[in-house]
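The following report describes selected features of a single protein chain. Please consult the sequence and the coordinates alongside the text.

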Amino acid sequence: MMSVSLLLSHRVKAGLSVTEASPNLPLWLLAELTYACPLQCAYCSNPIDYSTSRQHELSTEEWIRVMTQAREQGAVQIGFSGGEPLVRQDLEILVSEAKRLGYYSNLITSAVGMDNKRIARLKEAGLDHIQVSFQGADRELNDYYAANKSFDHKVAMAKEIKRLGFPMVLNFVLHRHNIDQIEDILELSLTLGADYVELANCQYYGWALKNRDHLLPSRAQLCRAESIVKRFRKEQAGNMELYFIVPDYYESRPKACCNGWGTTFLTITPDGLALPCQGARVIPDVDFPSVREHSLQWIWQDSPLFNRFRGNAWMKEPCRSCPEKEKDLGGCRCQAMMLTGDAANADPVCDLSPHHHRVLEAIERAQIGNGDIANSQIINNKNKEQPLLFRNPKNAKQLKS
Ligand code: FES
């Protein structure tokens, strides 16, 4: 997901005042148009049991109703995401409707399914911004991790996006096998004229959690990458903005995930469920409200799901008496659920959490290896029961059973 700092920076550029934001408005609407995707990223944020079946996806009219209601609730920015949003043939209609409603719109794409004509049509429809994801700095690594020969096409599309005058974010999800390419990643971004580069270290949810032992970089890899980014940031000040997002696992205090549950982000899944974050489907014992059955006003303001972790009344110790609770809000609810089995626990990334050892153990396992593909084979051999699992229907089925 796009970082909050990057979101706010877009809003400023869009002429939307940050100070006009009041608490608890769904400022950022993430429209996951489809789970269908030509790529198979092993760290995909879609749920493990995603379905590429298109028959339950919201229709064009339903999406327009969602966008209209979200705007009424205060949304100012919309991200068209997926899966791969270009799979939707009505994307141009949705973009032009977003324009009419006054949104600042982002397309979050792999660029697979894009061509020069389609970029021009999206421009004409009023799209404001495009984020293109790369899986590595060169053809070999990119195409391996995307499980799709897409590197050359991405490069060509990025050039066309810039030629048409779009502001462009390049997004690289960093992990053990591409983080050592950081200089090449930055050089590629510079060559392609990126306005922003999101160096988003992989966060361990969904598919990434299943593949964590393959993906988590070592501390040495992370420190090296961070120092190169710092140097590059200085050299390119005013030219290209860099966002380096450290993996939670290497922090000693958690982040206020999604800027706080139910405060800023609203995600709508392809089949119309409304979620406070992309990971929320791991929370048990809740009815996920559907935009087919409820108004967004009720969902945002009154639904049990969106109120479940608002504020801090739900907190248990050690969060409840922690002086930093207003700052980090207990961290990520989904991570607490996945690593401790209780979403109301402190995020185990916090070194005050009684479950922090689970994060330390994962870090310890990550200290071996040097981050190349050959090393992936070593880990695969050590971990024969679970090789790297690419996101595809076969692996989804296997994980479910
Ligand atoms: Fe759900 Fe962090 S991803 S609260």
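## Backbone geometry, sheet and helix packing

The loop between β2 (77-81) and α3 holds G83. The model is a predicted one, and in it the peptide bond from G82 to G83 is cis, with omega near 15°. P318 belongs to the loop between α12 (304-307) and α13 (325-328).

Positive phi values also deserve attention. A111, although not a glycine, has a positive phi of about 75°, and its place is in the loop between β3 (104-109) and α4. A111 counts as buried, because 24 other C-beta atoms lie within 10 Å and the cut-off for burial is 20 or more. L329, in the loop between α13 and α14 (333-340), likewise is a residue other than glycine with a positive phi, near 55°. With 25 other C-beta atoms within 10 Å, L329 is buried.

| Site | Angle | Value |
|---|---|---|
| G82 to G83 | omega | near 15° |
| A111 | phi | about 75° |
| L329 | phi | near 55° |

Attention now turns to the sheet. Strands of a sheet pair through backbone hydrogen bonds, in either a parallel or an antiparallel sense. Here 9 strands form an open sheet with mixed pairing, in the order β7-β6-β5-β4-β3-β2-β1-β8-β9. Its edge strands are β7 (241-245) and β9 (274-275), each of which pairs on one side only. The pairing of β8 (residues 265-268) with β9 is antiparallel and comprises 2 bridges; I268 stands opposite A274 in β9.

E293 is located in the loop between β9 and α11 (296-302). E293 is exposed, since 10 other C-beta atoms lie within 10 Å and the cut-off for exposure is 12 or fewer. The C-alpha atoms of E293 and G272 are separated by 9.3 Å, while the two residues are 21 residues apart along the chain.

How are the axes of helices α3 and α4 placed, in angle and distance? Helix α3 (residues 91-101) packs against helix α4 (residues 116-125) at an angle of about 25°, and their axes are 8 Å apart. Since angles under 35 degrees count as roughly parallel, α3 and α4 are roughly parallel to each other. The crossing in which α3 passes α4 is right-handed. On the α3 side, E92, V95, S96 and K99 meet R121, L122 and A125 of α4. By class, this contact has 3 nonpolar, 1 polar and 3 charged residues.

How values were computed:
Residues are numbered from 1 along each chain as its sequence is written. This is a predicted model: local features need pLDDT of at least 70, side-chain atom pairs count only at pLDDT 80 or more; totals for chains, interfaces and linings use all residues. Two strands pair if DSSP finds at least two bridges between them. Helices (H or I, at least four residues) and strands (E, at least two) are DSSP runs, numbered from the N terminus. Axes are lines fitted to C-alpha atoms, for helices over the stretch in contact, and angles run from 0 to 180 degrees between N-to-C directions. Angles under 35 degrees count as roughly parallel, over 145 as roughly antiparallel, 65 to 115 as roughly perpendicular and the rest as oblique. A crossing is left-handed if the near helix is turned anticlockwise from the far one by less than a right angle, and right-handed if clockwise. Two residues are in contact if their C-beta atoms, placed from the backbone, lie within 7 Å. Ala, Val, Leu, Ile, Met, Phe, Trp, Tyr, Cys and Pro count as nonpolar, Asp, Glu, Lys and Arg as charged, and the others, Gly among them, as polar.
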